[in-house]
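Please walk me through the way in which the two chains of this model meet.

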Amino acid sequence: MPVLASLLAGLVFGVGLIVSGMADPAKVLGFLDLAGHWDPSLALVMVGAIAVGVVAFALAHKRTTSFLGLDMKLPTARHIDRRLVGGSMLFGIGWGIAGFCPGPALVALGMGQAKALVFTIAMLAGMGLFELFERRKPMAPAKT
Amino acid sequence: MTIDWTSFTPWASLAGGVLIGVAAAMFVLLNGRVAGISGVIGGLFKPAAGDVAWRVAFVLGLVAAPAVYALFAQLPAPRIDAGLGALLLAGGLVGVGTRYGSGCTSGHGVCGLSRLSPRSLVATLAFMGAGFATVFVIRHLVGI
């Protein structure tokens, strides 16, 4: 049941990305192009998503288990450090180069877009690099 | 800045955003997890028993979404202008960056902000800022 719910969530998420136009890199880049012809659409996508999300997470925070009886596994990290900011900036740069982030890349992959495959392979390689770096060094304390 | 009124799709953006919010709501209320796609994928690099099937299912849902969408409406064609080198670089940066940053547009932007997480707000501002800056440099400084 949880696996089915997960599949369904992924499907609805993906359809939402398509409906909102966020699976189209040109549209995403149009939002990021503040100095050019600016397309505010992505801002409204976030508004729509967060409007629903706020209600859902308020409810989730009150529970220790999900409605399927699984443990509620919400992130507990609170620190803001260089990894968070630096990593996010690197992600943002990559996002601004091709207009893809993980979800839309997978959706475009599902559309049979060869370029999405190239991006996804590179993304997986990047994630693999991260794993390599992390496994080599001993746990370092979080820098604030 | 000029507003790109011809590209701006307020209703589709809101509708798609709501769908994304619903997907995130389903995922947290049924599976007890944040729909952070970089994290869902990232966890596959350290597969643990019981931790793989739901991840694969979510990814499959995203990839299958276009097929489901196409049953009801014509799929819009994504416009991917990035060349091979740009895709590889972008993918690598997104892969490394989302892991160090502990999230992406879905994890921090949608779910994190919905949870009112200060950490996610910082991350979102960081990747949005980097995204804006990158597009500015590429389109208006370098002029690609």
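**Where the two chains meet**

Strand 1 of chain A pairs with strand 1 (residues 2-3) of chain B in the parallel sense over two bridges, where helices (H or I, at least four residues) and strands (E, at least two) are DSSP runs numbered from the N terminus and pairing requires that DSSP find at least two bridges between two strands. Within this pairing, Trp38(A) stands opposite Ile3(B), which lies in strand 1 of chain B.

This is a predicted model, in which local features need pLDDT of at least 70 and side-chain atom pairs count only at pLDDT 80 or more, while totals for chains, interfaces and linings use all residues. Residues are numbered from 1 along each chain as its sequence is written, chains are lettered from A and ligands numbered from 1 in the order in which they are written, and side-chain values use heavy atoms, with hydrogens and water left out.

Taking contact as heavy atoms within 4.5 Å, 103 residues of chain A are in contact with 102 residues of chain B. Together the two chains bury about 9,600 Å², 76% of it on carbon and sulfur atoms, the buried area being the accessible area (1.4 Å probe) that two parts lose on being put together, summed over both.

Three salt bridges are found across the interface of chain A and chain B, each defined as a side-chain nitrogen of Lys or Arg within 4 Å of a carboxyl oxygen of Asp or Glu. Glu131(A) forms a salt bridge with Arg99(B), with 3.3 Å between the closest N and O atoms.
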